[in-house]
Amino acid sequence: MICPYYPEPQYLIYSTDVPSLLYYSHIPTAVISLLVSFFVFLKNKNLLSKILLTLSSAFLLWIIFDLVVWTNINSDVIMFVYSFFGMLTVAIFILCLYFLYVFINKKDVGFKFKLLWGIIFSITSIFAYKNAESFNLINCGANDGGWYSIYYLYGIELFFAAWIFIYGIVKYIREKDIDFKKQILLLIFGIDLFLLSFYTAIALASYLVEKGVVSDFGLEFYGLFGMTFFMGVLAYLIVKFKAFDIKLLGAQALVATQVILTASQFAFVRNNTNRILTAVTLALTFVFGYFLIKSVKISEERKEELQLMSTKLAESNDKLRKLDNTKSEFISIASHQLRTPLTAIKGFISLLLEGSYGQMTSDQEDVLNKVYTSNERLVNLVEDLLNVSRMESGRMEFKFEKTQLDGICQEVYDTFVLRAKEHKLYLEYIRPDKVLPEVMIDPKKVREVVSNMVDNALKYTPDGHGGVRLKLEQIGENLRVTISDTGIGIPKEELPYLFAKFSRGKDVSRLNTGGTGLGLYVGRGMIENNGGKIWAESDGADLGSRFIIELPLVQSEELMKKWG
Ligand code: ADP
């Protein structure tokens, strides 16, 4: 039967309460939501994207059916389409819950729930025909179907909306990851806003029609805007939390929209030139689109690979650090154990050499002297190793006090001047011409480093080849100690590695067989902990070296707090 009071054909809907453009404004939302879901689905065909795709399809179908109802004047068509509304609405609500569940738990729901949802949906379908009770010729629409439309459907919708809300909130409270917490909250907000606006608008419309306040169900269209919120939330989740890896999706959606728009030109162009132009544009869009998607895909894959590699790297770094710690611990324990017997050996050799156990023959004395030297080397090595492990584990203590560097330099000079003479080398100390201010440092540690540098300078200068000069001066805000020698020098390529652990020059063994390559490493750590800097300079092999230590006149607050 054709509605008698409506002209035919009816493209715009008759309603006194809402502007007709409103009816059509939902089509873009529905289409966009379907497109987004489709691309999400293409990107990863997991359960979540399947649910989203089904949900948007159901929603689009709902909109189409609704438009059919509003634009048609044939009662048979209207009554037929009307019967599907209940099923579609319940399906949308169930799918929303399903979506939320899978989004949160990242797995499918259990069988019991599916069974329950299946039963509810089946009952709805069985009574679907009851959705429209009779046809109203005056306003060209179906009358609501009694208990089914009024209690059953609204009850079920409310039930699912509450389920979504409560389930989501419980999961939100229990979740520990802050980012995911936000995602859950946003999703409940989006879904419930969509469902409730959808639901309340329809309920309100039917209530007002019944009360005679408005003449038709036009109000329900406002509720459909909830889908826009839902899509907005999804879009936000996608962009902000990369929930669906959108960069590629964005490119694909862009290309698809461009292709659809260009293709739709065919419907409007009237002459062949324009048709050819449109075809060329379409072909170009395809080609560029293809390359765009491909390049985005490659860049995304690279990014993923990089991410993976950096995670792996971080893991191996962690392992290495643990290994390094274990090694340091081992060295520390071993060195402590070694130190005691070595000290005992040293003591007894000294006693033997002094003749406390009887006079030695000169051969015996010779051998014992060799043992003493070797033992001394071991003692030094153990001491160096202990220093390294103390420094690396942060157990090396520093005690800052006001110190005259001049005093330290003088002491070091006094200690080495005889040895220099024995090796036919000069050792001079160039003092500053005025009394320098005192500095806050750990004098023992600084003395150790200066003395180590002078020791090295003498060691690495062949006998009779010049000598060593120790100089103290003030340079700006620092006091500088320079130890320069006329020895074997340092090749350019070795300079950058000089202060590294166990680093020794290539040709130094002939002058100093017992070296460990730890002295400079420990020395640098000590000077840095004293707020200073240490570095080496050399003009090259055989051209001598300069080791420079600079200590600040004013210590940083941080170091003062730590050691002061
Ligand atoms: P060691 O002297 O036990 O080898 P160091 O850490 O004190 O260890 O020195 C590391 C390396 O730096 C030495 O092996 C040597 O190659 C180089 N070096 C240190 N001081 C001098 C110097 N005065 N002249 C030339 N080379 C030096």
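Student: Which residue in β9 is the bridge partner of arginine 480?

Tutor: That partner in β9 is glutamate 550. Helices (H or I, at least four residues) and strands (E, at least two) are DSSP runs, numbered from the N terminus. This is a predicted model, where local features need pLDDT of at least 70, side-chain atom pairs count only at pLDDT 80 or more, and totals for chains, interfaces and linings use all residues. Residues are numbered from 1 along each chain as its sequence is written, and side-chain values use heavy atoms, leaving out hydrogens and water.

Student: How many bridges join β7 to β9, and which way do they run?

Tutor: Strands β7 (residues 478–485) and β9 (residues 545–552) run antiparallel and are joined by 7 bridges. Two strands pair if DSSP finds at least two bridges between them.

Student: What do the side chains of glutamate 550 and arginine 480 form?

Tutor: They meet in a salt bridge, 2.9 Å from N to O. That term needs a side-chain nitrogen of Lys or Arg within 4 Å of a carboxyl oxygen of Asp or Glu. Since glutamate 550 sits in strand β9 and arginine 480 in strand β7, the pair ties together parts 70 residues apart in sequence.

Student: Is glutamate 550 buried or exposed?

Tutor: Glutamate 550 counts as buried, because its relative accessibility is 8%. Buried means under 20% relative accessible area, exposed over 50%, and partly exposed in between (1.4 Å probe, protein chains only).

Student: What's the strand order in the sheet?

Tutor: The 5 strands form an open sheet in the order β4-β6-β7-β9-β8, with mixed pairing. Its edge strands, β4 (426–430) and β8 (533–538), each pair on one side only.

Student: Which strands does helix α12 lie across?

Tutor: Helix α12 (residues 405–422) lies across β4, β6 (467–475), β7 and β9.

Student: Back to salt bridges: how many does the structure hold?

Tutor: The structure holds 18. One of them joins glutamate 411 and arginine 447, whose closest N and O atoms are 2.6 Å apart. This pair links distant parts of the chain, with glutamate 411 in helix α12 and arginine 447 in helix α13 (residues 443–459), 36 residues apart.

Student: New topic: how many disulfides are there?

Tutor: The count is 0, where a disulfide is a pair of cysteine sulfur atoms within 2.5 Å. Cysteine 96 counts as buried at 0% relative accessibility, and cysteine 409 counts as buried at 0% too.

Note on methods: Contact = heavy atoms within 4.5 Å. Axes fitted to C-alpha atoms, helices over the stretch in contact; angles between N-to-C directions.
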